[in-house]
Amino acid sequence: MASALSSLSSSSSSLLQHTVTGNSKAPTQFSNKNARFLVFAQKKAKKTRKIILKEDVEAVGKKGQLLDVRAGYFRNYLLPMGMAQLVTPNLLKEMKVEEERIEAEKRRVKEEAQQLALIFETVGAFKVKRKGGKGKQIFGSVTPQDLVDIIKAQLQRDVDKRIVELPEIRETGEYVAELKLHPEVTARVRLNVLAN
């Protein structure tokens, strides 16, 4: 066995020298036609596919996410279940256009919220009247719904009471309420609480 391997290595090394130093235009002639070569395979290359998920897949990713997955996993599971599709240049263009449309819509909503915040802050103080008690005390308290009703009456704007943050108001005086119009836009509104 050892002699076979040594003769094989010497014949393969002479073959290698012959092909490296030989003329690339002329056909290569081998002196030993019965020589056998052993080829040792290296690790197989991973075959992956670029895909986009059509729905959330546990332990893989979220809907709309671009991923590289093994070809067999895509072919045998994701594709038949309709969970993913291959990424194509047209699909990438469509995704880019949709992404730009979504970003433009987000900018528009934020600008609208900023304009509304400017309106609320320039109006001045909203006046809230309550029945008075001893000193500065009032009966009851001022709630977010009260502020929403005042805004609707004075500015003809509908505001959801869930976005209104008020301090606890049980006395007359001036207070500041915050309206969370957008995750990045908060309007500060002044309230004057007066006793009847």
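What covers the buried residues of H3? The cover includes strand S1 (48-53), strand S3 (84-86), helix H4 (144-155), strand S6 (173-182) and strand S7 (185-195). Before going further, some ground rules. This is a predicted model, in which local features need pLDDT of at least 70 and side-chain atom pairs count only at pLDDT 80 or more, while totals for chains, interfaces and linings use all residues. Residues are numbered from 1 along each chain as its sequence is written, and side-chain values use heavy atoms, with hydrogens and water left out.

**The chain as a whole**

The protein chain holds 4 helices and 7 strands. Helices (H or I, at least four residues) and strands (E, at least two) are DSSP runs, numbered from the N terminus. Reading from that end, the order is α-β-β-α-β-α-β-α-β-β-β. Of its 196 residues, 22% count as buried; buried means under 20% relative accessible area, exposed means over 50%, and partly exposed is in between (1.4 Å probe, protein chains only).

The accessible surface of the protein chain comes to about 15000 Å², and 52% of that belongs to carbon and sulfur atoms. These areas come from the Shrake-Rupley method with a 1.4 Å probe, and for residues only the protein chains shown count as cover. As for contacts (heavy atoms within 4.5 Å), take those between residues at least 6 apart in sequence: 47% of them join residues at least 24 apart.

**Helix H3**

H3 covers residues 89-122, which is 34 residues, and reaches 50 Å from its first C-alpha to its last, close to the 50 Å expected at 1.5 Å a residue. That expected span is 1.5 Å times one less than the number of residues. The buried residues in H3 are Leu91, Ala113, Leu116, Ala117 and Phe120. After H3 comes glycine 124, with a positive phi near 105 degrees.

UniProt, in an unreviewed entry, lists residues 92-119 as "coiled-coil region". Its positions are given in the numbering used here, feature names are shortened, and annotations may be inferred rather than shown by experiment. In the model, residues 92-119 are 100% helix and 0% strand, with the end C-alpha atoms 41 Å apart.

**Salt bridges**

Side chains of opposite charge can pair when their charged atoms come close. Searching the whole structure turns up 11 salt bridges, each being a side-chain nitrogen of Lys or Arg within 4 Å of a carboxyl oxygen of Asp or Glu. Three of them are set out here.

| Pair | N to O distance |
|---|---|
| aspartate 68 and lysine 50 | 3.3 Å |
| arginine 108 and glutamate 112 | 2.9 Å |
| arginine 190 and glutamate 174 | 3.4 Å |

Take the salt bridge of aspartate 68 and lysine 50. Aspartate 68 sits in strand S2 (residues 66-70) and lysine 50 in strand S1, so the pair ties together parts that are 18 residues apart in sequence. Aspartate 68 is partly exposed at 49% relative accessible area, whereas lysine 50 is exposed at 53%.

Another salt bridge joins arginine 190 and glutamate 174. Here arginine 190 lies in strand S7 and glutamate 174 in strand S6, so parts that are 16 residues apart in sequence are tied together. Arginine 190 is partly exposed at 39%, and glutamate 174 is partly exposed at 48%. Elsewhere, salt bridges with shared partners join Glu105, Arg108 and Glu112 into one network.

Arginine 108 counts as partly exposed at 40% relative accessibility, and glutamate 112 counts as partly exposed at 48%.
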